[in-house]
Amino acid sequence: MTLFEGNPAMPDTLLQSLTVTPISPAIGAVVTGLDLTRPLSQETVAALDRALVERQVLFFENQPLTPRQHRDLAARFGDLHIHPIYPRVPDQPEIIVLDTHAENPTDNDNWHTDVTFIRTPPKAAVLSAKLIPPGGGDTLWASSFAAYEALSEPFKRLLDGLRAVHDFEKSFPPGRFATPEAAADWQRARAANPPVEHPVVRTHPVSGRRGLFVNEGFTTRILGLGQKESDAVLRFLFEHASKPEFTLRWRWKVGDLAIWDNRSTQHYAVNDYLPHRRIVHRATVLGDQPY
């Protein structure tokens, strides 16, 4: 498909050269015909936004963005989040640096949705691959739409209307931050990010599709259920959401860039490359309050 399809009146002729090639039936597409190092027109941004809602994760190859270009690209999709814990690019605080190696192993090797510990979790994230190990280091994404739609109707009725607690501390426990400086940063981050509640099933604000909105990284319990009931339901949902039928796997190359809809996906950074090093930069676009 082309991003120009369905929009014949659009004046941006660049759209006519863009193609979106789906990766799997449930999720993902590769976008070609675009140079992201150059400023994008509003029409192109709008077309990418539509493709993002439809395919949930978009991949762009050979896009060697500087941190400033990365920040400027992400900012075209909305206001940017500054992470309270992760290290950031100097002079570009909106760009976090995920530099993992033998002395700093990854903490993203679980299924999670980014920053659901705030009241307005991110709309999207933009990830740029800077240093990739010779093998491994892939990332998997899962469609929360596909996971929800595959549930039985009685189970959907059980989940509809339920709310769950999302807690910063689940993925960022204090024991990880041993030095005085790191512990002080953690205390400030914890004070600024108390536990929040979100619906277990979220309605996408653009498409209206419904999807699961619990994740192993931050969701701690379902309100209104007993602790054992909550644990059992969450355990099932965490496992169900990552079924292969709902997922894709991307093998990174230096210069690859991914944009994903954080409202309708989970992802998992595969930790299989140590002692090699992996560096990616991420910008995070703020969203709205889930409903």
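Analyst: Start with strand β6, residues 124–131. Six of its eight residues are buried, so β6 is largely enclosed by the rest of the structure. Buried here means under 20% relative accessible area. The model is predicted, and local features are read only where pLDDT is at least 70.

Now the partners of β6. One is strand β14, residues 257–261. β6 and β14 run antiparallel and are joined by five bridges. Another is strand β16, residues 278–285. That pairing is also antiparallel, with seven bridges between β6 and β16. L127 shows both links. Its bridge partner in β14 is A258. Its bridge partner in β16 is R282. In a regular strand the side chains alternate between the two faces of the sheet.

Follow β14 next. D261 belongs to this strand. Its relative accessibility is 0%, so D261 counts as buried. Leaving out residues up to four places away in sequence, D261 touches L52, V53, Q56, K123 and H204.

Q56 is in the loop between α1 (42–55) and β3. Its relative accessible area is 1%, so Q56 is buried. Its phi is positive, near 80°, and Q56 is not a glycine. Most residues other than glycine have a negative phi, and most peptide bonds are trans.

N62 is another non-glycine residue with a positive phi, here about 55°. N62 lies in the loop that runs between β3 and α2 (67–75). Its setting is open to solvent by the numbers: a relative accessible area of 64% makes N62 exposed. Q56, by contrast, is buried.

The loop between β15 (265–269) and β16 holds P275. The peptide bond between L274 and P275 is cis, with omega about 15°.

Back to β3, which covers residues 57–60. β3 runs parallel to β2, and two bridges join them. A29 stands opposite L58 of β3. β2, residues 29–32, also pairs with β1, residues 19–22. The β1–β2 pairing is antiparallel and has four bridges. Within it, V20 stands opposite V31 of β2. β1 and β2 form a hairpin with six residues between the strands. In that hairpin G28 takes a positive phi near 95°.

A further set of strands involves β8, residues 163–166. β8 pairs with β9 in the antiparallel sense over four bridges. R163 has P199 as its bridge partner in β9. β8 also pairs with β12, residues 219–222, again antiparallel, over three bridges. H166 stands opposite T219 of β12.

N193 sits in the loop between α6 (180–192) and β9 (196–199). At 11% relative accessible area, N193 is buried. Beyond its neighbours within four places in sequence, N193 is in contact with P84, F117, I118 and F168.

Finally, the whole chain. It has seven helices and 16 strands. Its radius of gyration is 19 Å, close to the 19 Å that the globule rule gives for 291 residues, so the chain is as compact as a globular protein of that length. Along the principal axes, the C-alpha atoms fill a box of roughly 55 × 50 × 35 Å. Of the 291 residues, 54% count as buried. Among contacts with a separation of 6 or more, 80% come from residues 24 or more positions apart.

To return to your strand: β6 is largely enclosed, with β14 and β16 as antiparallel partners.

Methods: Residues numbered from 1 in each chain as written. Heavy atoms only, no water. Buried < 20%, exposed > 50% of the residue type's maximum accessible area, 1.4 Å probe, protein only. Pairing = 2+ DSSP bridges. Rg over C-alpha atoms; globule rule 2.2 N^0.38 Å. Contact = heavy atoms within 4.5 Å.
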